[in-house]
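Dear colleague,

Please find the structure below, handed over for your files. My notes on what was found in it follow.

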Number of protein chains: 2
Amino acid sequence: MRDVRADVVVIGAGLAGLSAARSLVADGSEVVVLEARDRVGGRTLNHPIGAEKIVEVGGQWVGPGQDRVLAVIRELGLETFDTYTDGRNLFEHGGRLRAYRGEIPRVNPAALLDVQLALTRLERMARRVTAERPWAAPSAPAWDSQTVASWTRRHMRTTLGRALIGLACEAVWAADAADVSLLHFLAYASSGGGLQRLISTDGGAQQSRIVGGSQRIALELADRLGDVVMTEEPVSEIEHGKNVRVIARTVTVEARRVIVAVSPALAGRLRYSPALPARRDQLTQRTPNGSVIKCMAVYDEPFWRSEGLSGQLTSDSGPVKVVFDNSPPDGSPGVLLGFLEGNQARALGRLDAGRRRSAVVGCFVRFFGERAARPLEYIEKDWSADEWTRGCYGAFVPPNTWSVFGDALREPIGPIHWAGAETAIVWMG
Amino acid sequence: MRDVRADVVVIGAGLAGLSAARSLVADGSEVVVLEARDRVGGRTLNHPIGAEKIVEVGGQWVGPGQDRVLAVIRELGLETFDTYTDGRNLFEHGGRLRAYRGEIPRVNPAALLDVQLALTRLERMARRVTAERPWAAPSAPAWDSQTVASWTRRHMRTTLGRALIGLACEAVWAADAADVSLLHFLAYASSGGGLQRLISTDGGAQQSRIVGGSQRIALELADRLGDVVMTEEPVSEIEHGKNVRVIARTVTVEARRVIVAVSPALAGRLRYSPALPARRDQLTQRTPNGSVIKCMAVYDEPFWRSEGLSGQLTSDSGPVKVVFDNSPPDGSPGVLLGFLEGNQARALGRLDAGRRRSAVVGCFVRFFGERAARPLEYIEKDWSADEWTRGCYGAFVPPNTWSVFGDALREPIGPIHWAGAETAIVWMG
């Protein structure tokens, strides 16, 4: 066991950990970053597809309002490009496929009205919730005592309308409306500048992509930090008092502070000596990560484009319910990206790889025709099976958690500080 | 690091782990039990109060239908005695204290009718749910998409009626109606022989106590097992393939099988090599333990008895909402037991010990008069602050968990088997 000293030790070389390290180094601190994996980037990960091109099997989009990451991207000299949205989108409902332009599929007017009224009502409720202190909202106990599914069952009139709100939950948290507390739904919407923005492409969270792949942010940050970033160093224990002593695989780091930059569920799996207070520990028992398998099929060209299709699809039946054109900036090769989210990921995650591939490619064929049947390559990543992530896109919050344990999410404990997507106040997650 | 070989290694020397070890030894297997603490008993723990008497700061009651533990108690030569129930019980509602006899407090008829109709309806639903396979119930997805709080808001008419169902959740799981999935509520009721039985004293889960304290079961079992029970051996890692290799603090055990006899949340904190499948891991992210602080005040005698009171109380305001007479079999000294459960435990767990004691003893005074104001001793145990338990009475199950991840609770993974209160099919928990 090698002993190292630093001012601050950071656990996790994802975007949060590396950004924290960068700021601290800029301020003159000595920093060590401990990463369990043999790579940096956390929930961002590039996957080569030949000819020096990549696709991203993890988080990939940036959008307006995400000012911090956009600033980092600029500082690192990285470039962004627009998600492909030309042409008509597809909407599958009740087994029928329809093309539409713009944000709103042509579904029956009763369902559209139902969704519109629900969104208006939810937006109004969300304005009374802050991402900093969801528990302080006047109706927090009531809103936190129910799932989003309970709210839609009570306040919406159409099955399709409810399904669309369900799809929003799946798209944002890779969890179902039955998983998520209504208060979390509202707090998250509030943190992202409104519900509409969370689920939109143009002007929304899916607006832009990064040339060379989103993992480049982490790779560039780590490159500039140099050998203070130590990979293959899973941490087992944090001893803390006035200072901290962090025990990893081959190295022990003594420092004045530790920043734990992993999701709450994983943070809860470290051993702390002395043991952490009940409220922090119990919080980590009830902030599960979502369930998503990101699936991509690579074709020699994006053939749907010549048919006037954007490649974007929404389906109410699945198992793939959301599809994007995820081709590289120059449109070659063609890449269809399909998400298995929430209960779909949980169900299909149990199949063997061949059957899962058949189910996903089968969806692409149903949506885009026979040319989708034989991809050059099929790529998938089940983040809930990844030992050092255990679920994406991030944590969601079940009922009676924000209002009871919420303040333990960000509050430091002595020299232990918490970072990571889940602690964000703007674009929480 | 000392190397040991065995047929089976058991993790956790609570009742489940020790019982498993006992059966295996009886069948001629070589067994090692690894326990993190310096004691056996898990969630049962005796606390001496002088004169060779004890109170239990953990689980303490046994009742009809719990046949396995009753058989073990008999085999070990231990004796049981009845929970004290003579005299009138107290019910506090809206700031008023009323005495009553029997099971049902004299509250207003509308609330009683409301509760009775709700219980009838819930019992009927519970008959369609089995504890073995809650996910197989015809309405499992709908029942699992909502909290108990959502159900009572929709189907009950009185505030008091809803509060009483809430109290039942607090009494059974140390969690709130807003925490618990309706499907879990039904599955648990089904496993315990009906809702009424879960919350009853006579003929119910609180009927009997064990002479010498409930921890004696574990102490006697461990005594008979001898030095195969190794304490102060927290396990950090389980390597598994055809066999297992379990790495504890000072010992490594190679065996053909491992039985992990701790709650799912704690089982999820061990490291497994190779990593466990997604569905098991994500299950352990969403089976949080309840929140309870068990509080007792010791008096020279059980003064409430001479006033014709049983010591049993239910309150809708709290913070102590449930009280029992917990005096030793001979009634000396007098002991009042009060529970802080669910959100009350979470709120009062944050106070310093002195203020919490004042709040609890203040309740005893409100319920039983000024003689309760100066106990000889005040004893409390916050199980959510205990590193090797992290919450009692056990795990509860939030929405969308049983129906999606349920089968991962008990299913072995190669040589890894799961035990512990949460895996029980009869009297789950």
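Two strands are taken as paired if DSSP finds at least two bridges between them. Helices (H or I, at least four residues) and strands (E, at least two) are DSSP runs, numbered from the N terminus. This is a predicted model, in which local features need pLDDT of at least 70 and side-chain atom pairs count only at pLDDT 80 or more, whereas totals for chains, interfaces and linings use all residues. Residues are numbered from 1 along each chain as its sequence is written, while chains are lettered from A and ligands numbered from 1 in the order in which they are written.

The sheet of chain A

Chain A contains an open sheet of 5 strands with parallel pairing, in the order E10-E3-E2-E14-E21. Strands E10 (229-230) and E21 (416-418) of chain A each have a single partner strand and stand at the edges, so one side of each lacks a neighbour in the sheet. E21(A) pairs with strand E14 (residues 257-260) of chain A in the parallel sense, over 3 bridges; within this pairing, Ile259(A) has His417(A) as its bridge partner. Helix H1 (residues 15-26) of chain A lies across strand E2 (8-11), strand E3 (31-34) and E14 of chain A. H1(A) runs at about 170° to E3(A), where axes are lines fitted to C-alpha atoms, for helices over the stretch in contact, and angles run from 0 to 180 degrees between N-to-C directions.

Helix H7 and its surroundings

A residue is called buried if 20 or more other C-beta atoms lie within 10 Å of its own, exposed if 12 or fewer, and partly exposed in between, with C-beta atoms placed from the backbone. In chain A, 10 of the 10 residues of helix H7 (residues 182-191) are buried, so the helix is largely enclosed by the rest of the structure. Gly193(A), which follows H7(A), has a positive phi, near 80°. Arg127(A), in the loop between helix H3 (109-126) and helix H4 (140-143) of chain A, is partly exposed, with 13 other C-beta atoms within 10 Å. Its C-alpha atom is separated by 8.2 Å from that of Leu186(A), 59 residues away along the chain.

In chain B, the axes of helix H3 (residues 109-126) and helix H7 (residues 182-191) come within 9 Å and cross at roughly 80°. H3(B) is therefore roughly perpendicular to H7(B) (65 to 115 degrees). Leu122(B), Met125(B) and Ala126(B) of H3(B) make the contact with Leu186(B), Ala189(B) and Ser190(B) of H7(B). Two residues are in contact if their C-beta atoms, placed from the backbone, lie within 7 Å.

The two chains

A rotation of 180° with 0.0 Å of shift along its axis superposes chain A on chain B, with an RMSD of 0.0 Å; this is the relation of a two-fold axis. The superposition is by least squares on the C-alpha atoms of residues with pLDDT of at least 70 in both copies. The same surface serves both copies, as 100% of the contact residues of chain A recur in chain B. Arg269(A) comes closest to the rotation axis of the residues of chain A, at 2.3 Å (C-alpha).

In the interface, 38 residues of chain A are in contact with 38 residues of chain B. Helices H5 (148-155), H11 (278-284) and H13 (343-348) of chain A are the elements that give two or more residues to the side of chain A that touches chain B. H11(A) gives the most, with 4 residues.

With kind regards

Note on methods. Angles under 35 degrees count as roughly parallel, over 145 as roughly antiparallel, 65 to 115 as roughly perpendicular and the rest as oblique.
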